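Hello,

Here is the structure I promised to pass on. Please open it first, then read the notes below.

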Amino acid sequence: MNPTRFPNRTKRRKVTQKGRRKRVDSQERDIPTQSFTLDPLIQALREQASEDWNDEWDIRDSFDAAMDTLLPELEDAERAFMSEHTLAVAQSSGLHLLSRKRAAQLAKLAEEENCTVLSSLLSVKARLHSRILRRVVLDRDPPYGRSGSLTPLRAPQPISSVNRQVLDALYAIQTTPYESSFLSRLQGYSPFRHTGVIAVDWETRTPWMELMDDIRDHYNFSHPEEDPAKEVVAPITYCTLQPCHLDQVHDLLARVFWEGIDVSDCLEHSPEKCTIVATYKQLVVGAAFLSSPQETYITYLAVRSGWDNSQIAKSMLYHLITRNPHKDITLHVSINNPAMLLYNRFGFKAEEFIVGFYEDYLDPKSPQSKNAFRLRLRRW
């Protein structure tokens, strides 16, 4: 047979077989599938058994009735077995088998507490078997102990006996007090430095300080062969009136106001509220006084010459006001006194103009006016 004569016969036969296979598959799909179940048989047996039961006693002897009475005993026996078995396993290996019910409870607990099941399981284990877990943890050898990398500590050296003569000699040493020491000569010492201190100012530079620095520099420049003189830097200290201040305070008030002013009685009437003294090292450079805490009348406010225009008066007035809160403060001031500007900054207002208020106090040749304003700082 010539193969070229029928070139498509083989191909046509394959197509026919393929189409036949498709028809068979479609026929198999069209056959309805029937599910197999035992429900009809069980129902028939149940109906036949119900016909055989003549009375209630026959129903009690049925399988369901018998199992209903036996199930609680079986559950109790299972729990007892599981508890004994898990206790034996825990004592031997530290493990504890969980029932399905307990596992479900742990999963629910983990969801409520927003944590993992493992963490909730560990927390329960730690509460139920704390001794077993502690023994398991403590009995394990740490990795550094197994590696042998630790170096044993050397035995402590025995303490030698104390020589009592050396101790007595050390205790007999007496230190020199600071006020009598050489260090106090270098840094300066004031017996009232730490008594009644209110504030310390390290930043203020007064005209007198600048003048002393210029004199010192000029002397060092004129005498280069000598060692340069050095000045110990000290702050301006604001404190309450002390007995050691009285002489300098009286001299300052006599220079600024008039002779015969005595403020010794201020030491007996609340000096912590009514007195402010500004000192530089041991020099009194300013003072301010109230008549009493009840009257709150400013009697004197003075600054040493050469130390003015340096915020010292402002600081003293500020401390007087803050140490007497919730009270009006009054004063008299000459009408041409520059201190009027200072008082206005703190809120003092003129209440009265008094003619000749200072006639009995000021010298006739004094440039200050004898007339005065009565000022008040209202706090309410």
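At 7% relative accessibility, Tyr 343 counts as buried, because the cut-off for buried is under 20%. Keep in mind that this is a predicted model.

The partner of Tyr 343 in a ring pair is Phe 348. Phe 348 is buried too, with a relative accessible area of 1%.

How is a pair of aromatic rings described? By the distance of the centres and the angle of the planes.

A search of the whole structure finds seven aromatic pairs. In one of them, the ring centres of Tyr 343 and Phe 348 are 5.7 Å apart, and the planes stand at 65°. That angle is over 60 degrees, so the pair is edge-to-face.

Ring pairs also build a cluster. Its members are Phe 257, Trp 258, Tyr 300 and Tyr 361.

Now the backbone. Which loop holds Asn 309? Asn 309 sits between β5 (298-303) and α14 (312-322). Gln 311 is found in the loop between β5 and α14 as well.

Both residues have a positive phi without being glycine. For Asn 309, phi is near 55°. For Gln 311, phi is near 70°.

Are these side chains buried or exposed? Asn 309 has a relative accessible area of 78%, so Asn 309 is exposed, the cut-off being over 50%. Gln 311 comes out at 47%, so Gln 311 is partly exposed.

Best wishes

Note on methods: Residues numbered from 1 in each chain as written. Predicted model: local features only at pLDDT ≥ 70, side-chain atom pairs only at ≥ 80, totals over all residues. Heavy atoms only, no water. Phe/Tyr/Trp six-rings, centres within 6.5 Å; stacked < 30°, edge-to-face > 60°. Buried < 20%, exposed > 50% of the residue type's maximum accessible area, 1.4 Å probe, protein only. Helix = DSSP H or I, 4+ residues; strand = E, 2+ residues; numbered from the N terminus.
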